[in-house]
Amino acid sequence: MSEYKVLHRMQDLGLRISSLYRQEQLAIGILDISSKEALISTLKWYTENMSNIYVMTTQSRMEDGSIQDAFPDVNFIVFKSVCSSGRYINALADECYATYFLVVRSDCQLIAFEGSKLMEMMSERNHPAIICPVMISSAGDILPTLQAPYIKGRIVDPISFVPAIDRDLEEDTLYPMMELGLYDRALFQRLRAYDTQIMGEFYQAMDFGVRCFLYGYRIFTTRSLAIQFPDRISIIEDRSLCDGANRFYTKALSVRHIAGKNVVEKWKPYVDKEVLNEEVRKKQVILQKVDFQSLIDKWKVREGAER
């Protein structure tokens, strides 16, 4: 039995049938993570300015039917209970049938979306897996969302920097903070989406981000995409070890590039034996382009970037 159901937008039968034969360029996915009032306010803006909208929410939110009645042109992906952002996004990728999808939240406002420029970036041959937004606090401060790879002891502990907004730059970031951004849907699924057996959002996001870079794909931030949190001064990540964190460490750090070859070495003490044997040894060691230490050594941080 599926863990979610999809309540499709109201449309006539002819339009629904014709949509089966064409793929839309962009879908908007809204993570319903705050109040009902915030979701309604968010939906009012998006329905006035964009189309092909999906809300990832829970059954309890939809019980009285008022939100669906108020927004008949919105699709709702309804889960039985609250899930991780990664699980919501995996469902969006399965259901939206669009070339690209933008993930936002009900507690933030989209303040920059240069659509033609973003689509041009995503259509280039060596396009990124994700374009991440510049994030701005309620006080108007740019938040330190650029993450550079770094190992502290045996723990991956990325260093945070503030992205540039005064210059039109594409600045690499190790993973999408809060898993927000503009995704290439086919590439996201080819890279096997978010690992929902990793329970913590930090490790879940970092697992996918590191996987992108190890396989030769970029993730970057640009001022062409920006969001603001009307009620947040800062973003504090919970970087503590969580259930499933060993899955991240096994995939991220078990392959070393030595003398031109990929070699499997356990990253102790954080090893998931099943992942090591079924994923790393059988697939990853063959396909991986670079190892994590090389990412650290070659990572470029803009001169003068603030931490």
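1. A friendly place to start: aspartate 32 and arginine 61 are both buried, where buried means under 20% relative accessible area, exposed over 50% and partly exposed in between (1.4 Å probe, protein chains only). Their side chains meet in a salt bridge, 2.8 Å from N to O; the term covers a side-chain nitrogen of Lys or Arg within 4 Å of a carboxyl oxygen of Asp or Glu. The two residues are 29 apart and link distant parts of the chain: aspartate 32 is in the loop between β2 (24-31) and α2 (36-49), arginine 61 in the loop between β3 (53-58) and α3 (66-70). Helices (H or I, at least four residues) and strands (E, at least two) are DSSP runs, numbered from the N terminus.

2. Before going further, some ground rules. This is a predicted model, in which local features need pLDDT of at least 70 and side-chain atom pairs count only at pLDDT 80 or more, while totals for chains, interfaces and linings use all residues. Residues are numbered from 1 along each chain as its sequence is written, and side-chain values use heavy atoms, with hydrogens and water left out.

3. The structure holds 21 salt bridges. One of them joins arginine 302 to glutamate 171, with the closest N and O atoms 2.6 Å apart. Arginine 302 lies in the segment after α10 (292-298) and glutamate 171 in strand β12 (residues 171-172), so this pair ties together parts that are 131 residues apart in sequence. Glutamate 171 counts as buried because its relative accessibility is 9%.

4. Glutamate 278 is partly exposed at 40% relative accessibility, whereas lysine 282 is exposed at 52%. Elsewhere, a network of salt bridges links Arg192, Asp195, Asp207, Arg211, Arg247, Lys251 and Glu279.

5. Now for the rings. There are 17 aromatic pairs in the structure; rings of Phe, Tyr and Trp (its six-membered ring) pair if their centres lie within 6.5 Å, with planes under 30 degrees apart counted as stacked, over 60 as edge-to-face and the rest as tilted. Tyrosine 203 and tyrosine 249 make a tilted pair, at 5.7 Å centre to centre and 55 degrees between the planes. This pair connects helix α7 (residues 201-214), which holds tyrosine 203, with helix α8 (residues 245-253), which holds tyrosine 249, across 46 residues.

6. Arginine 154 lies over the face of tryptophan 267, 3.8 Å from the ring centre. For arginine 232, the charged end is 5.5 Å from the ring centre of phenylalanine 229.

7. The largest nonpolar core has 95 residues, and Leu43, Phe101 and Leu182 have the most contacts inside it. Such a core is a set of buried Ala, Val, Leu, Ile, Met, Phe, Trp, Tyr and Cys residues joined through side-chain atoms within 4.5 Å.

8. Finally, asparagine 246 in helix α8 is partly exposed, with a relative accessible area of 29%. Asparagine 246 and isoleucine 258 are 12 residues apart in sequence and 23 Å apart in space, C-alpha to C-alpha.

Methods:
A charge sits over a ring if NZ of Lys or CZ of Arg is within 6 Å of the ring centre and within 35 degrees of the ring normal.
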